[in-house]
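We will walk through it stop by stop.

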Amino acid sequence: EGARQSEALLAVERAALIGRREREFIDGWWALGVPLLARREPDADPIGSIAVCRRAAPFTRDEEELLEFIAASASVSLEAIAMHERLVQLAVRDDLTGLGNHRHFHETLEVLVDAALASGDPLSVLLVDLDNFRSINARFGHGVGDKVLRTVGEVVRRRCRMVDEAARYAGQQIAVALPGIDLDGACTVGDAIRSDIAALDLRAGALKVTASVGIVELSERVASREGLIFAVEEALDEAKRAGKNHIAGWLAGSRDRR
């Protein structure tokens with residue numbers, strides 16, 4: 001009780017966060033704090049701290065050594081967690097765009113399809129394909145092409161909610177899964193993405209980028225991830241046939257277009 005307001009606790013926390021072990025006795029509180037240090041980077045700033053306080057008595061040397069042992073163990077655990085998270089990100093993220101990668105998208109879509117079928121909630125998928133992307137690489141070079149993909153990835157990310165899953169699907173294609181969004185709502189999102197891409201001003205206007213977008217909503221006729229992917233690829237082909245810089249959307253398994 002009162003520990004959060006203890007000046008002694010705050011004092012040792014502040015000291016630990018700059019790398020010092022401190023003991024304090026203020027206003028009847030005995031406090032002890034130790035830093036959490038990254039073992040791989042001994043000169044780096046602490047990654048955190050552990051601080052304890054009590055009224056009963058000062059901390060003994062054995063208790064100080066125990067807290068130091070706990071801090072060292074916690075530091076190792078935190079480093080292991082951080083390393084694991086970095087490895088997970090490498091496994092599921094596309095290096096160029098920062099979006100998910102192809103494999104992760106398929107795995108996530110499988111889960112979303114099962115959830116949508118169980119709940120009856122809508123699920124839609126977009127497939128965004130940059131028009132004439134090979135000519136961009138041929139004319140301006142692959143470095144510019146990579147910049148275009150990074151920029152388009154950011155455009156897509158800005159249009160996504162936290163629950164959406166966006167991924168670099170293949171080459172110049174970006175896929176987006178929209179849980180809880182029906183076909184009409186997905187067409188609104190897809191057309192906003194298409195419009196945002198067309199409005200990009202790259203290389204002082206010398207480079208014009210457009211995209212075609214295929215859009216489908218999961219239906220009872222197509223109750224699988226594979227069927228949904230096939231349907232969205234067909235919708236994308238229709239958007240391309242319409243003259244590019246277009247969207248095309250329908251219910252998976254039917255030709256109920258929007």
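Helices (H or I, at least four residues) and strands (E, at least two) are taken here as DSSP runs, numbered from the N terminus. This is a predicted model, in which local features need pLDDT of at least 70 and side-chain atom pairs count only at pLDDT 80 or more, while totals for chains, interfaces and linings use all residues. Residues are numbered from 1 along each chain as its sequence is written, and side-chain values use heavy atoms, with hydrogens and water left out.

**Stop 1: two loop residues**

Select Asn132, which sits in the loop between β4 (123–130) and α4. Its phi is near 55°, a positive value in a residue other than glycine. Most residues other than glycine have a negative phi. Is Asn132 buried, partly exposed or exposed? At 46% relative accessibility, Asn132 counts as partly exposed; buried means under 20% relative accessible area, exposed over 50%, and partly exposed in between (1.4 Å probe, protein chains only).

Now select Asp27, in the loop between β1 (22–26) and β2. Asp27 is not a glycine, yet has a positive phi of about 55°. With a relative accessible area of 62%, Asp27 is exposed.

**Stop 2: a helix pair**

Next, colour helix α4 (residues 133–140) and helix α5 (residues 142–159). They pack at an angle of about 135°, with their axes 7 Å apart. That makes α4 oblique to α5. Axes are lines fitted to C-alpha atoms, for helices over the stretch in contact, and angles run from 0 to 180 degrees between N-to-C directions. Angles under 35 degrees count as roughly parallel, over 145 as roughly antiparallel, 65 to 115 as roughly perpendicular and the rest as oblique.

Show the side chains where the helices meet: Phe133, Ile136, Asn137 and Phe140 from α4 face His142, Val144, Gly145, Val148 and Leu149 from α5. Contact here means heavy atoms within 4.5 Å.

**Stop 3: rings**

Select Phe105 and Tyr169, both buried. Their ring centres are 6.1 Å apart and their planes are at 85°, so the pair is edge-to-face. Rings of Phe, Tyr and Trp (its six-membered ring) pair if their centres lie within 6.5 Å; planes under 30 degrees apart count as stacked, over 60 as edge-to-face and the rest as tilted. Phe105 belongs to helix α3 (residues 102–119) and Tyr169 to strand β5 (residues 165–170), so the pair ties together parts that are 64 residues apart in sequence.

Then move to Arg54, which lies over the face of Phe59 at 4.3 Å from the ring centre. A charge sits over a ring if NZ of Lys or CZ of Arg is within 6 Å of the ring centre and within 35 degrees of the ring normal.

**Stop 4**

Glu63 lies in helix α2 (residues 61–92) and is partly exposed at 29% relative accessibility.

Leu36, in strand β2 (residues 29–36), is buried, with a relative accessible area of 7%. Not counting residues up to four places away in sequence, Leu36 touches residues including Pro46, Ile50, Ala71 and Leu78.

Finish at Arg168 in strand β5, partly exposed at 21% relative accessible area.
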